[in-house]
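Subject: Structure handover

Hello,

Here is the structure I promised to pass on. Please open it alongside this message.

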Amino acid sequence: MSNLCPNCMSSRIATLNRGRKAGGLIGTVGGTLNGAAGCWSGAEVGATVGAIAGPPGMAVGGILGALTGALIGGATGGIAGAKLGELVDERVLDNHRCLACGYIFSLSATDL
């Protein structure tokens, strides 16, 4: 893999990963919102499990079930978004920046 700047032939190259960062953020927010929207099912499960401890257990179990649903949704969405953003970085965006001259470029298919 030839990581040389096509402008100045420097080997001091940084990877920008803009698509990966944006995809991860969008996926995390979307996944968290989706998990929060589905929190009722998590709250029901938590309340059912917490019913063993009576009314306080139902309340705590419901809250923990809803939070768990949102966290799992956020993590799953973030991972999926980052993977999609990584594909965008590789195939669409100019993802490399020369630290010597500031030139931004993408690697050709033969360099991958």
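Below are my notes, by topic.

Please keep in mind that this is a predicted model.

Surface patch. Four residues make up a nonpolar patch on the surface: Val60, Ile63, Leu64 and Leu67. Together they have about 380 Å² of accessible area. Val60 sits in helix H3, which spans residues 55-91. The relative accessible area of Val60 is 49%, so this residue is partly exposed. The cut-off for exposed is over 50%.

Backbone. Met9 has a positive phi, near 65 degrees, and is not a glycine. Look for Met9 in the segment before strand S1 (13-15). Met9 counts as exposed because its relative accessibility is 56%, and exposed means over 50%.

Asn17 also has a positive phi in a residue other than glycine, near 55 degrees. Asn17 belongs to the loop between S1 and helix H1 (18-37). With a relative accessible area of 23%, Asn17 is partly exposed.

Aromatics. The count is one aromatic pair. The partners are Tyr103 and Phe105, with ring centres 5.9 Å apart. Their planes stand at 15 degrees, so the pair is stacked; the cut-off for stacked is under 30 degrees. Phe105 is buried, with a relative accessible area of 5%.

Best wishes

Conventions:
Residues are numbered from 1 along each chain as its sequence is written. This is a predicted model: local features need pLDDT of at least 70, side-chain atom pairs count only at pLDDT 80 or more; totals for chains, interfaces and linings use all residues. Side-chain values use heavy atoms; hydrogens and water are left out. Patches are made of residues with over 30% relative accessible area and no salt bridge: like charges are joined within 9 Å, nonpolar side chains (Val, Leu, Ile, Met, Phe, Trp, Tyr) within 5 Å. Accessible areas come from the Shrake-Rupley method with a 1.4 Å probe; for residues, only the protein chains shown count as cover. A salt bridge is a side-chain nitrogen of Lys or Arg within 4 Å of a carboxyl oxygen of Asp or Glu. Helices (H or I, at least four residues) and strands (E, at least two) are DSSP runs, numbered from the N terminus. Buried means under 20% relative accessible area, exposed over 50%, partly exposed in between (1.4 Å probe, protein chains only). Rings of Phe, Tyr and Trp (its six-membered ring) pair if their centres lie within 6.5 Å; planes under 30 degrees apart count as stacked, over 60 as edge-to-face and the rest as tilted.
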